[in-house]
Every structure is written in structure tokens, then in C-alpha cells.
Amino acid sequence: MGEFTIKMPDVGEGVAEAELVEWHVKAGDPVREDMVIAAVMTDKATVEIPSPVTGIVVWLGAEIGDRVAVKAPLVRIETAGEGGEIRTEIPAAVTPAKALEPPLPALDLTKGTVPKAATAPREIVAVPAEKPLASPAVRLFARENGIDLRQVTGSGPAGRILREDIDQFFAHGAAPFPAQVVPGRKTTTEEIKLTGLRRRIAEKMSLSASRIPHITYVEEIDMTALEELRATMNRDRKPEQPKLTVLPFLMRAIVKAVAEQPNLNATFDDHTGVLTRHGAVHIGIAAQTPAGLVVPVVRHTEARGIWDCASEMNRLAEAARTGSATRDELGGSTITISSLGALGGIVSTPVINHPEVAIIGVNKIAVRPVWDGTQFVPRKMMNLSSSFDHRIVDGWDAATFVQRVRVLLETPALIFIES
Amino acid sequence: MKEIVCKLLVIGAGPGGYVCAIRAGQLGIDTVIVEESKPGGTCLNVGCIPSKALIHAAEEFAVVRRMAAGRSPIGIRVADAAIDLAKTIGWKDGIVGRLTSGVSTLLHKANVKIVHGRAVFRDGKTVEVETETGAQIIRADTVVIATGSEPVDLASLPFGGRVISSTEALSLKDLPEKLVVVGGGYIGLELGTAFAKMGSEVTVVEALPQILPQYDADLVRPVLRKLGELGIRVLTSAKAKGLSGDGNALFVEAADSQEQQLPADRILVTVGRKPKTTGSGLEELDLDRSGPYLRIDERCRTSMRGIYAIGDVTGEPMLAHRAMAQGEMVAEIVAGRKRAWDKRCIPAVCFTDPEIVTAGLSPGEARAQGYEIRVGQFPFSANGRAMTMHSDEGFVRVVARADSNLVLGLQAVGAGVSELSATFAHAMEMGARLEDIAGTIHAHPTRSEAIQEAALKALGHALHT
């Protein structure tokens, strides 16, 4: 019997360490050669680590969430043969498992336009490829203040940039200079490392967008009747009852619609090719919080009335806002609603909450003129923008589903009629 | 096993590493430095400092010998001159000792923890150090590799016996009667000249057609002339082939392809230096290379985040002051300050006789980069101070853009011109024009007046030529 120590491989992104995000094995488990034993996350991607040997796992070198240095021992595996140390190689085919490259916003700190020479014309025009001419103290001052000296025109001899030129750049950088205004080239960039929730959102979105072929279907819905009903219900509600928004009605409509199209209340495992239809309707509500986008889940909406849906949604929204939502409350949805509330625009392209197959996007309600056959009448109109996983949902099914939801919302009594 | 956890770990206490650690300590960073031998690295122990001590001693001796021989034009005569090399080496060792203990004191003052031993990477964030008291594990958020360089040997002339590197040359207790120096770069010529002044019969063997190949012929000419005056034989375009059977001579293939035999007590091989990248676990970290060196960016970052490299291990020019500047910069980056390498020049000094100093571009380099230039050159033979010191060989040269008079480079060759390096570098970093140098009062009588005169000459109105 021998024992192999598998070391953390170089995950190839120029990092000295990576975060362990998943163990696929535990002590005592048998592993085969090439079986994935763990997944580690770097800033850009989650990388799966295969076992180089066949044997029994006897020791795990880290816990999930630990940052493990490149070359540090990760796993020990007892094998039939001789032991040793191995640094696994990341096979090319496995590496790009969940690669993503979020576009980083290039922030411009200086907001500067290059002030044109306000004084006498310069005797020298600096060659663009050359280093800006400035004393070490001026260069240091510029760097500390995030100024790219290539943007600054030097007023000194031979085009030398003086401290006063930078002061001038500060003073006039953002404002248009009198007369000869020339928009300056901005060459500054700022790298912002995505961390925490933003990083998770980026990974999740990229996963959805890269793995799921989306189709988005937009339909306009006359909400006039529902809005009247909602106003009445809100007016007559009991003190303990929450104020109703459109969402609880939509949630109930979805429960009804998916009962007829169970393929839409489903999750799809594209590794195994298995679609899981869920009896329960756990509706995720994508919501903006100060920290970023989170998706609290109203569980078992199929078993909740309108008021119950509203209460649970309010409770979860509050928990999400204050950061006290539990992991269970933020996961496990089977279909998702994306709502930007009053900001909702006229159309959106919601990104499906992987591994679900459908997401319903709510747009803003607006009073619009609608031709009723004889005249234009003011109606409260709202668009629903809904995206579907086209591998599972055909266009026809998507349209059928949205039309069903439309009928339910336009004739809200149907929502309350027992099927 | 004992374990230290720190913010910054510096591997190597040479000029790059110790400066980095001191600056980091000043900035309140929890810093540990690991050194396997004495603090100070190559520079303090077997490089800059001991060689300059030896060069100085040799020059003093040469002056007295000239006086004893009745060849002093100044009119001083002494009875006799003798040198006790062991005592000279002892004096040199005293200086080195004072400086290395000074470095230790500075590190302590900056609250840097020093660990003595060889550091070997265990993983990307951890090193193991074998110390006298056992193994020590050090974990750090950030690591700076400052492991330096070591002399390169030739396959045909491995170090050992009569074949020595610069390190051994600086600790010889007896003067070699016949010394062959293989490699006509600055290290070989500095040491070869010193030994010749102390009385050795010196031959320099250089494979290229010119000694000091990094300098232009104008700068090298006064050095070549002096080598001749000192009786040093220079063989260019000549290759060292190996030792003779009895080991008492070196076979050399000369320019005419004829093989010669050069008798030698010692053969000093100074054909270059290579980065120390082996034996410290660096190989397993797979850091990107640039040739044999660790590849770094303008912030001295290696290809692995959190790991920096500075000094000789990162490539040419292998100069202590470059390493120091990098070390200081990296410490400030680690402290969160915005820094990047933005130097306009790294001055270089060659302590031959006479000395050579350069900063920025030579005329040839400036033209090659597409500049239209004007050049001003002023000889020390027209400089009062140089004459009074009876060493008026050499000149100061300034290279400037023809359109703006912006100074692109400054060079000098002559006695004591190493001290001009600061003013050269200062002019370059400040973006000086010829008029700036010409318009600055240079004290009289000094050698530095030649700088002002060179600028005036480039402007077309030198006063003293």
C-alpha cells in the first residue's frame, strides 16, 4: 500500500492560491483515476481537479471556503502501489468549466479633457510615444492622484510638465476650456476586482448566459381590471394584511399556468441531460438590494393564497435587504420572476436563473391609449418579458404559457377560481 | 515545526531585498527577511564594496611605487613600496563587516525579523527555511524574491584550483605572479587592473573584438590606453579553450586562429553572472521567465499574483542601485501606494582606470532611436582641476535632442568621474535641457565644470576650448 499526496495545481491564472469551493469526495471514498475530486475557484473561473490515481481518500487538506496555495497538499489517497507526491495537471478539456470574463467598467477618475494651451504656443510638440517629461516629484504626485501624464500638456521648457500644469489640469480638466475645446483622449483605466456578491452574480449570470440558449417573448397585458381589483383589495384589507403589489397576483397566475405546462416549472441538468419537473412551485423573486441582486424564494406558492404570497414575499424581501436571509431562502427556486418595480421599462431580456428553464420579467405599468374597435381608450398596460430555455421550451409552448398568464391577469377572477 | 505568519516575506538580503524590507518596516508592514549567508548580498560581501576597497588599495600602492621608482612628475620621492595583501584583504573585510552589521542594525531598527537560512518554497505562499535551530515555516501574504545572481563559469574552465571567480579573487592572500583574466567586461577589467597595480603580470582574454563591449569606442579608448601603460596585455577576439595538462597555463585561440599558451598562477573567469533561480523551489512555482530571468512587469510583479521579484534575478542591468530602487518601490506597492517603475535612466559606473560613467543614451543609441541629436564633448585636458590632480585623461559628453536641446544622455570617462553619476542621473530625471546645465553655476575648480562646458559646447559656445 502506498499513499499519494496530491498538491494544489497551478490553476494557470497567475494566482498563488485559489479558493476551494467544492469537494466531490470525502475521507474514505474510493476514487478512480481522472475522477473529479474537488473544484477550486480563482477570480475568473471554477476549475475542477481530477485525481491522478485510483485509491481511497484518506485525508482532505482544506475545507470549503479555504484559500489553498499552489503546491500546498490538497488530498491524500491510499493506493495499491507505491506512494509519492503529485501535482495534478489541469486537463485542457476540464479547465474552462465555468470560465467567465466579466467586462470591467473602465472608470475615469479624472474626467479630464486636455486643456489646450492657454498661453503662448509651445515650441515643442511632444512625440506621443515618448514618456512624458516631468521631474520625479511631479511624476509621483501625478501617479498618487491617478493622473496619466500623457493627458497633461507641459508648459515647461521642452514641453516639461510642471506641478502647475497638473493643478491646471485639475482645475480645468472637467470643464470645457474657453475657445479651442478639444476633447482629450482618456487613457486611464481602473481595475476593480469583483468580490463577494458581485462576483457570485457575475459567475451566475455568465453561467446562465453561456449555457442556456435563451428565447425572450414579450407580450402586453391590460392590467386595468387587475389594478381595480388590487385597489379594492388594498382598500379593504385587514390591518394585519400586507399591501398587495402586482407580484402576488402574478405568482398565483404562474401557479395556474405551470399546472397546465409542467415543463416550465422545471430544472434542467445539462450534464446528465435530465429535466426535473417540480410539483412544488418555488418562485424566486429577483430583487435589488443595496449589496446587489439577490433572489429570495417564496416556497410552495402552489399552497399559498394571495395574501400569504404577499406576506412571505415581504418577509423575504426584508430579510434580503438586511442580509439576514438564510441560504435556503435564497436558493431552490423552480421558476423566477424578475421585477425592476416602477423602473421596469417597456421591455427587458431577463436572464434565466440557472438551472431553471423560465423567467418572467415584469415591466412598468403605464396608461396607454388602446383601440377598442371604435375609439382609443386609456388602459393600464404592462409588458411581460419572459425568457425560456430553448432546449426545453419551444417558441409555441413559450407563447402558450405567456398567453395563459395574460388571460389570467386580464381576467383576475380566473386566478381565484378553483381549477 | 515553528511557524511565522507575516504580511511580507523577502527572500534574500542583498541590496534589493534589504532595502525592500527596511522600507516595508518603515511603512508598518509586518516583514520577515530570509538570508542564507551574510546580509548585504553580492554587493557588500563579494561585489561592489570589496572590489572598490581592493581597487583603492591597488591605486594607492601604484602611486607610491611610481614615487619610489622616481617616476612621480609631482616631485615626491619615497624609498620603497611594499604591499601586504593579507593585510589589505583584512582591511577590506573590516569594511565589509562594518557594512553588513550596519544592514542588520537597520533591519532591526525597522522592526524587520531576520531569519538566517536557505528559503525553499513549499507552496505559493509558504517557504521553509532550514535554520541552525531547525526548520522554520514562514507564511506570507506577499513574497518578494530577491535571490540575486552568481558568477557564470565556462564549461572548459570550471571553477576550482587555479580557476577562480571574482568572489575568490577578492579574498586572495597571496598576489598571483601571473594572472589571466578571462572576460573583458567591467568586473574582469576592474580586478585585472587592481592586480596589475599591485604587481601581477596580467593578461585579459576577451572573445569579442572590443573590451567593455557595452560602451562605445570613444569611452573605452582612455581605458585601453591605461591598460597598456600598466603593462596589461589585452587579447581581443580570443577564446579561452582550457587548461594545459599540468594546469599551469591557459590555452587560448587568438584572433588569427593560432593557439597560444598563457602561463598563469591564477585564472580569473569573469564572463558574466546568472540569476539564482534554482534550489529554492522556484522551478515548481512555474513563474514566467524572460530568458533565464524571472519575468516582471513595471511593478516588479511576477506572473503569479502576490509574488514579486527584484534585482539581479530579474535581469539586466544587474546593478545594486537598480535593485534598491525596485525594492523600495515594491515595499510601497505592498503598503498600498500607487507606484510603478518610471525611471528615465539607471546610471552605470565602471571602476576601471580611468572610470567610466553613463546615464541615458549614447550618441549611437540616440541616433538608432531616430533622434536628431547634438553632442557636446569637453576634455579633462582643458579642465584645471584635472590637471592639478595629474589625471587629465578622458572627457565629459552630453547628448541632446537637436530640436529641443532636451538631454538624452550623459557620459564621462576620467579619474573620479563615478561621482558625476548623481548629477547625470539628476539631469536626466528632471528632464534637463542643455540650457539648464549651461545655466547652472558649476563650482571652480572642479571636474564637474566639464559638464557645463560640454553643454555649452553642444550649444555652440564653449568658453574654454
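In chain B, B:C350 sits opposite B:I356, a residue of strand β21(B). The structure described here is a predicted model, in which local features need pLDDT of at least 70 and side-chain atom pairs count only at pLDDT 80 or more, while totals for chains, interfaces and linings use all residues. Residues are numbered from 1 along each chain as its sequence is written, chains are lettered from A and ligands numbered from 1 in the order in which they are written, and side-chain values use heavy atoms, with hydrogens and water left out.

The pair just named belongs to a wider pattern. Strands and helices are DSSP runs numbered from the N terminus (E, at least two residues, for strands; H or I, at least four, for helices). Two strands count as paired if DSSP finds at least two bridges between them. By this rule, β20(B) is joined to β21 (residues 355-360) of chain B by three bridges, and the two run antiparallel. They are part of an open sheet of five strands in chain B, ordered β20-β21-β24-β23-β22, with antiparallel pairing. The edges are taken by β20 (348-350) and β22 (373-379) of chain B; each has a single partner strand, so one side of each is left without a neighbour in the sheet. Neighbouring strands here are turned by 10° against each other on average, direction ignored.

Helix α14 (residues 449-459) of chain B lies across β22, β23 (395-401) and β24 (407-414) of chain B, and runs at about 140° to β22(B). Such angles run from 0 to 180 degrees between N-to-C directions, with axes fitted as lines to C-alpha atoms, for helices over the stretch in contact; contact means heavy atoms within 4.5 Å.

B:R397 lies in β23 of chain B and B:D216 in the loop between β10 (201-205) and α7 (217-229) of chain B, so the pair ties together parts that are 181 residues apart in sequence. Over all chains, the structure holds 45 salt bridges.

A further open sheet in chain B has three strands in the order β12-β13-β14, again with antiparallel pairing. Its edge strands are β12 and β14 (259-263) of chain B, each with a single partner strand, so one side of each is left without a neighbour in the sheet. The twist averages 30° from one strand to the next. Four bridges link β12 (residues 239-243) and β13 (residues 249-253) of chain B, and B:A240 has B:V252 as its bridge partner in β13(B). These two strands form a hairpin with five residues between them, where B:G247 in the turn has a positive phi of about 80°. Five bridges join β13(B) to β14(B), with B:L250 partnered by B:L262.

Finally, the two chains meet: 30 residues of chain A are in contact with 31 residues of chain B. Between chain A and chain B there are four salt bridges. In one salt bridge, the side chains of A:R139 and B:E429 meet (2.3 Å, N to O). Helix α1 (residues 136-144) of chain A gives the most to the side of chain A that touches chain B, with five residues.
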